[in-house]
Amino acid sequence: MTDRAIARAVEKWFASHKRDLPWRVEVKHDRGDRDPYYALVSEVMLQQTQASRVAERFERFIERFPTVEALARAREDDVLSEWTGLGYYRRARSLHAAARAIVDDHEGQPPDDPAALRSLPGVGRYTAGAIASVCFGVRTPIVDANIVRVALRLEGKELHPADPRAVALSWERAEALVNAASSPGAFNEGLMELGALVCTPRNPSCPACPLKKHCRAFAESTQDDIPLRVAKKPKPEITHAAIVLTDDLGRHFITRRPRKGLWAGLWQAPTLESETAPALNAVRAFLATTLGVPHRSLPPKALQRDGGFTRVTSSRVVHFEVWTLSKQFPGLQTGPESRLAAREALLAGDPPLAVPHRRILLGEGA
Ligand code: SF4
C-alpha cells in the first residue's frame, strides 16, 4: 500500500512540475508517444552532463542528425564535432555505434526490450530501462544518482551512494515502486525529476516534497547526512606543451589525439605531455621528431614560449603551455593522424579540435 501511495504521489507531482525539456516532446508512434531515438540521444548526453547543458545542445544535434539512419551514416569526425563541449567523447562514439547497430540489426527501429537495448554500445541497465519505460511503457526500474539519493533518504539509510548495499537497495526499491505505478515511464522520469529538483544533494526542499510523509530521513531529520559523503582526493596534474605551427598559407599543422583518454580522437596542435613542465630542449626534441627533421635544423630562437592556461577536467588538472614556432616548414608531412587545416575549416569543426586547442589555435574563449 505504501509503495502504491509513493508511486502515485510521484506521478501526480511530476504531471504538474516536470521541466519542459526538448527531448520530452510527444511523438506518437505505434509503440508509444515518445521518440526512442530522442530518448537514446538525450540519455547518452545526460550520462555525465547536466540537464541544463544538454538542453542547450540537444536540438542542434537533432537538427544535424534528425534520425537514427542519419546518425548511422555520419562520419565519426562530424559526430565528434557536434559533441564538442559536452565532454566524455567516448559517449559520442558509442552513440554513433549504437545508431549503426540499430540500423544493421534492428531494421532502424530501436528495440523495446531492455535486454536488447542493453546489447547496444554504450547502453547500460539505466539507459535501457529509461528508454524502455519512457518510450514503450515497459515496467522496468531505473536507478541513477538522483534515485539512489531519494531511495537512501526514504529508507533512512546512512550509506555512501557507491556502497554496493546502497546500489542494491536502490534497485530493489525502484523495482517495487515501478511495479506499483500507474505509468512506468511517468513514474521513472518523475522520480529522477524529484531527485534533481526537490530531493537535491544539499538543502533538499522537504517541506515541498510530495514524499515527506513516507520519508524516514525527514522524520528523523537526517536528510542532510544521507547519503554519506566521502572526501574527494586531489586530482593528478599534468602539463601539455602545445606547439603552434603554421605553414606559409596560414594553415595550422594538427595531429589526432589517441583514441583513448582525454579528448580521445579529437585534433590538436602537436602536444608533448609530461608530469611537469618540460625544458626547452625536450620540446625541441619532441618537435623535431613530430616534424621528422633533425634537431639541429630548428634555429635556436625559432621556438618561443607564448603563455599558458590551466583546464580542470573531471579526472585531472591540465596545465597548458603554448609554444610558437616562427620558422616555417613548407614540406610538412601529413597522413591519417596529422594534417594541415585552414582556420575557417577549424572554426567550422572540420576536423573537430579538442576544446583547449580551439583556444590555442583559434583564440576562442581566451
Ligand atoms: Fe528527499 Fe526530503 Fe522528500 Fe525525503 S522529504 S524524499 S529527504 S526531499
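The legends below accompany close-up views of a predicted model of one protein chain.

**Figure 1. Overview of the predicted protein chain.**
The chain contains 15 helices and nine strands. Its C-alpha trace spans about 80 × 50 × 30 Å along the principal axes. Of the 366 residues in the chain, 51% are buried. Among contacts with a separation of 6 or more, 65% are made by residues 24 or more positions apart. The chain exposes about 17,800 Å², and carbon and sulfur atoms supply 51% of that area.

**Figure 2. Helix 10 and the elements that cover its buried residues.**
Helix 10 runs through residues 164-180 and has 17 residues. The distance from its first C-alpha to its last is 25 Å, close to the 24 Å expected at 1.5 Å a residue. The buried residues of this helix are Ala166, Leu169, Ser170, Trp171, Arg173, Ala174, Leu177, Val178 and Ala180. What covers them includes helix 1 (2-17), helix 8 (125-136), helix 9 (145-155) and helix 11 (184-197).

**Figure 3. The second largest cavity, lined in part by helix 9 and helix 10.**
The second largest cavity holds about 40 Å³ of space. Helix 9 and helix 10 each supply at least two residues of its lining. The lining residues are Ile147, Val150, Ala151, Leu154, Ser170, Arg173, Ala174, Leu177 and Leu191. By class, the lining has seven nonpolar residues, one polar residue and one charged residue.

**Figure 4. The largest cavity and its lining.**
The structure holds two cavities of 30 Å³ or more, and the largest has a volume of about 140 Å³. Of the 16 residues that line the largest cavity, those closest to its centre are Arg153, Cys199, Cys206, Cys209 and Cys215. Helix 9 and helix 12 (216-219) each supply at least two lining residues. Helix 9 provides the largest share, three residues. The lining of this cavity divides into twelve nonpolar, two polar and two charged residues.

**Figure 5. The largest pocket and the helices that contribute to its lining.**
The largest pocket contains about 830 Å³ of space. It is lined by 30 residues, of which Leu46, Thr49, Ala51, Asp144 and Asn146 are the closest to its centre. Helix 2 (36-46), helix 8, helix 9 and helix 11 each supply at least two residues of the lining. The greatest contribution comes from helix 11, with six residues. Sorted by class, the lining of the largest pocket has 14 nonpolar, eight polar and eight charged residues.

**Figure 6. The second largest pocket.**
The volume of the second largest pocket is about 640 Å³. Among the 22 residues that line it, Gly87, Tyr88, Tyr89, Leu262 and Ser314 are the closest to its centre. Two elements give two or more residues to this lining, namely helix 6 (90-105) and strand 7 (303-312). The lining of the second largest pocket comprises eight nonpolar, eight polar and six charged residues.

**Figure 7. Ser42, a buried residue of helix 2.**
Ser42 is located in helix 2, an element that also supplies at least two residues to the lining of the largest pocket. The relative accessible area of Ser42 is 1%; because buried means under 20%, Ser42 is classed as buried. Leaving aside residues up to four places away in sequence, Ser42 touches Trp23 and Phe58.

His240 lies in strand 3, which covers residues 237-244. With a relative accessibility of 1%, His240 counts as buried. When residues up to four places away in sequence are not counted, His240 touches Arg257, Trp263, Thr271, Leu272, Glu273, Val318, His319, Phe320 and Glu321. His240 and Phe286 are 46 residues apart in sequence, and their C-alpha atoms are 12 Å apart in space.

Terms used:
Residues are numbered from 1 along each chain as its sequence is written. This is a predicted model: local features need pLDDT of at least 70, side-chain atom pairs count only at pLDDT 80 or more; totals for chains, interfaces and linings use all residues. Side-chain values use heavy atoms; hydrogens and water are left out. Helices (H or I, at least four residues) and strands (E, at least two) are DSSP runs, numbered from the N terminus. The expected span of a helix is 1.5 Å times one less than its number of residues. Buried means under 20% relative accessible area, exposed over 50%, partly exposed in between (1.4 Å probe, protein chains only). Contact means heavy atoms within 4.5 Å. On a 1 Å grid over the protein atoms alone, a cavity is a set of points where a 1.4 Å probe fits but cannot get out, and a pocket is an open set with protein on both sides within 12 Å along at least five of seven lines; lining residues have an atom within 4 Å of a point. Grid points are joined across faces, edges and corners, and a volume is the space filled by probe spheres set on the points. Ala, Val, Leu, Ile, Met, Phe, Trp, Tyr, Cys and Pro count as nonpolar, Asp, Glu, Lys and Arg as charged, and the others, Gly among them, as polar. Accessible areas come from the Shrake-Rupley method with a 1.4 Å probe; for residues, only the protein chains shown count as cover.
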